[in-house]
Amino acid sequence: MKRILTRESYLRELNLKYYNKYTGVDPINEEAPFANDAPWGDTLIGRLINSFARKGKIAFNKRRISGLVSRLKAIFDEMLETGNIDISDEDIKFLKTSSLLGVLERQVREEEDVDVLISTTTDLIDLVSSYDFEFQEEMLKSLNDFLEYLKGLKKDEPSEPSTDNENPSEIFYKQSKLFLQSVLDLHMMIKQNVVRFSSGDGTQVGTNFDISKFNEIKSKYERAQQKDKLALLKQLVQMCNTGLNTFKAKKDTANINLFTKYLNDYSRLLKKLSIQVGKEYIYTNKSGEKKKVKVISVTHDTEVGKDKKWLTQDDIKKTTLAKDTISVIYQDKNGKYTSGSPGVAVNFDGLSPVKESLLLEGEANITQVETHSKNAWKKVITAYNQSKIASFVPQIEELLKTSIKDGKDKFLQSKKDIIAICKQSVLNKSTVGKPISFDDLIKEAVNINDVSKSISLFGRVLLSYKEDMGLTGAYGSAISPLKSFINSFTELEKTLPKIKSESNKEEVKESISKYDSFILLREKNEYSSQITEKFDEIFTEDVKNYFTITEEKISDFNGRVKKRESMVFTDADPIIEIVRLFNRAWRIHTPGVIPSGRTNGKVSNSVFREYEDLGERGGTPNDPGSGPYRNIELYEAWFEAVQDILSDTKYRPIFSEEVVFRFKNIETGEDGDSIPKAGKILLKFVNELLSDTKMYKDGAMTKFIQEYFNLDSKVITIKTITDPQFPNDGKDNAETSSGVKETNVIFKKIEQVKGIDFAGNDLWKVFTERRNRDDFKNLAFRLKVKKDDTVSSYYCVYQQTSENYPIVIFRTDAFPFDLTKVSSRDIPRNIDRLIKTNLASLPKSGGFLKKGSKSLFRYVDLSDPGESKVNNSSGKNRIEYEIQEIEVLCIVESGEPYLDLDNYLSILKSDITRGYNIALNNIKKY
């Protein structure tokens, strides 16, 4: 239990701790601290203090999503305890302060990380500032002095890349160690001949192949929109290559033939989709003649327009191109592309890039992936031998293993050498491609530059894999260090410009020296004694004694507290803490811009795919623009974790209709009006925070908190709802969210939707008889249906018509799609994981889906789509609903249907991907 202890209690606890540690026996302690007629933890006040202590002691990093999730759970755990206990707000603040101060002291003495100490101290300052007591001013001074001291220790430490400014020297040093370690790992794998091929030179590698994963990606590709197909094709080609290696090793002829066909088909498709309009290629005709051409269209025969310039808006699209052909123009006699350049349709198989990858020299057939992998690895071996990197391995190993135990001077020198080697390796990138021999490159003496040059000669081939990581599919355990080499080098390139230029060498040296000194302190672990001394120096005995929980105070508290029949919250702190966590999470997963140190914010294709453009979607990897951008993986991790918490039955009491909020008026001190059904309001509020962009717009958060919880406006300011450790979160989030392109939507009765012919307002006819039914893909609508005298709402999205069966996805509580980009008070956002997401079909003939009709549905839960689960209704293979109303989700401005609900929620993606095809087959059996 983290609390301030009396000296006697502390010694007793210490004795118990070490008695158990060295004897393995739990001693009987009949007179434990704060003992009374019930065990300490079972009393109301004991449970209350335990809940505060548990939350306070959670060592969480506010710069990481995982840390925020842990804290959110702790807040809800605390609410479970405090909601049922009737106690004054002043007593709660005293107990919280005592518990948190005890947590801080324990963290100090247990040598907790400085980041955690800063977080706990910041929370304490925030708590004490709102608590009027005798030693408030003195304690605030102590806490602020301690916080400044801790920040002084941390001034050279890193911050999260996506959220805060980092020390470039520190980033560079961390990446340098990863970079050099990857060199050592690759050296070891080459020496041990880990990568072998089945052509008589050893054991086949890459034999771990997940065919179910392949089928999942294959299914996803077949249903994907055109804009998403390229990335999926690249995965499929890589997986086909790995599968072929696996089946060849097993001599599985059937699968060898099947995956050879897959590889050829997908490779051709990948090549076609990779062809870019406006880019130059080499075209080889049937006679073998090669000419340079420029692609002008991949869909239509095209003529130059009135402006007499190619690739402008004036270009005239004529007939649709034949299959496997694209439209190109040749250079004129002067080698230029002009209006006189002839435009022709050619077979795309004849195109190849003007500049082939270093790895694929002499290889023209993209379907020969295995051959490419072999040839590429041979080049790696050649580069390894020519670079003589093996001779420098002992030196690199020595640098990486050097620690403070080897002496301060040696330790600091090793860090400087590591940074210098990797810095030079980055600078060498522009020169190593020249045809210079190793003997000329490397001088007689071995120095830092020699190691860098050797790494560069080796790395010039390794870095070429970046163009096509699919080649690594057959390399088994060598894939990891190869990727690490490429990724760490990319980070080094990105970070180096941030380190001050050569004209400012002394400042660079000073920056590196500061970081080295910081590392020295960290590894020597000298912070603990310094921090402990500072803590004891700053916090006076008066403050400690005031918050020491004695047996007398416990007895006094137990006489005042009592249990409530239902949950009532009179303290707004949990609401404020929840908002702060969501503000922090938004800042982490939606930074606005994609981190980059290159001109115009340029990033690689792979990095660009890690982010989603929430703006006008006009960005490219070469020029991402202002976005704003959201990191897909971080957002989905936060969304899924929060939904897990909200769906946990443990926390259901907090969100029930019986919960009441009743906050005090700051000026009068009297209780405010009670807010009934507050649990449901809290659940709705959290779901809005999770997925509604408008909550983060300038001034919106305070407005919604007041609207939802009737809190005093003096309590809710941009300052109070922002974590004190990150005071700019609110302002930065407001700026980022202002750039999010939101569409205002509303449900309209189908007969009120203008400009759309819904075939007599019968959606079944639209989905089965209309030739343009594909135009209605992702049509979102709400069905109000009557069943057993009960009217319920179903939220549906049309998917496709398969074999004339209309297919829709539906849920009873909300659309199972990401709603970040829509704004509407009509759409519920509470996605309960316990409620099923269903795939449903309507009859292929004789069906109805209109107001007043009785419509037949056959449906199945996508998470468990077996045929026996269809309808889950005593063996019935279909069910009848009486349609009371059909409402279509429409754009407010135009009145037209909104058709962009296509991004499934992260918590449902795996279920939908895995179960869609099985469910589809099982619901088409009327």
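Okay, let's start with a pair on the inside: Asp732 and Arg587 are both buried, where buried means under 20% relative accessible area, exposed over 50% and partly exposed in between, with a 1.4 Å probe and protein chains only. Quick caveat: this is a predicted model, so local features need pLDDT of at least 70 and side-chain atom pairs count only at pLDDT 80 or more, while totals for chains, interfaces and linings use all residues. Residues are numbered from 1 along each chain as its sequence is written, and side-chain values use heavy atoms, with hydrogens and water left out.

Back to our pair. Asp732 makes a salt bridge with Arg587, closest N and O atoms 3.6 Å apart; the rule is a Lys or Arg side-chain nitrogen within 4 Å of an Asp or Glu carboxyl oxygen. The count by that rule is 31 salt bridges.

Next, Lys821 bridges to Glu612, with the closest N and O atoms at 3.0 Å. That links distant parts of the chain, 209 residues apart. Lys821 and Glu612 are both buried.

Then there's Lys924 with Glu803, at 3.2 Å between the closest N and O atoms. Here Lys924 is buried at 12%, whereas Glu803 is exposed at 57%.

Technical notes
Helices (H or I, at least four residues) and strands (E, at least two) are DSSP runs, numbered from the N terminus.
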